[in-house]
Amino acid sequence: DAVSDPIRMEDGWHIIKLQDTKPAGTAPLADIKPALVERLRQAKAQQLRQAYLGQLLQKDPPAINELALAKITLKK
């Protein structure tokens, strides 16, 4: 069991200990299928959201109220 030197991270100091290793290999499809299906669903949902937002922006692009923006930026 190998132990690392202390490592400084944003949340403090860490020491890492290697407890086990496994040989490299390919997981059977049956083992990873549920996670793979979920990942593909999430990716498709993200694509659909982006396409929907793109269509909304084309139909009604956002407008900037220059007067209101000037009032806000001048107050600082």
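## Fold at a glance

Reading from the N terminus, the elements of the protein chain go β-β-α-α. That makes 2 strands and 2 helices in total. Keep in mind that what you're looking at is a predicted model.

The predictor's confidence averages a pLDDT of 92 over the protein chain, with 97% of the residues scoring at least 70. Helix H1, which covers residues 29–59, gets the highest confidence, at a mean of 96. At the other end of the scale sits helix H2 (residues 66–75), where confidence is lowest, with a mean of 84.

## Overall shape

Laid along its principal axes, the C-alpha trace spans about 65 × 40 × 15 Å.

## Surface and charge

The protein chain exposes about 7,800 Å², and 59% of that is supplied by carbon and sulfur atoms.

As for charge, there are 12 positive side chains and 9 negative ones. The centres of these two sets are 11 Å apart.

## The annotated stretch

An unreviewed UniProt entry places "domain: PpiC" at residues 2–34. In the model, that stretch is 18% helix and 18% strand. Its end C-alpha atoms lie 34 Å from each other.

Notes. Residues numbered from 1 in each chain as written. Predicted model: local features only at pLDDT ≥ 70, side-chain atom pairs only at ≥ 80, totals over all residues. Heavy atoms only, no water. Helix = DSSP H or I, 4+ residues; strand = E, 2+ residues; numbered from the N terminus. Areas by Shrake-Rupley, 256 points an atom, 1.4 Å probe, with all protein chains shown as cover. Lys, Arg positive; Asp, Glu negative; His and termini not counted. Charge placed at Lys NZ, Arg CZ, Asp CG, Glu CD. UniProt positions renumbered as here; feature names shortened; annotations may be inferred. pLDDT = per-residue confidence, 0-100.
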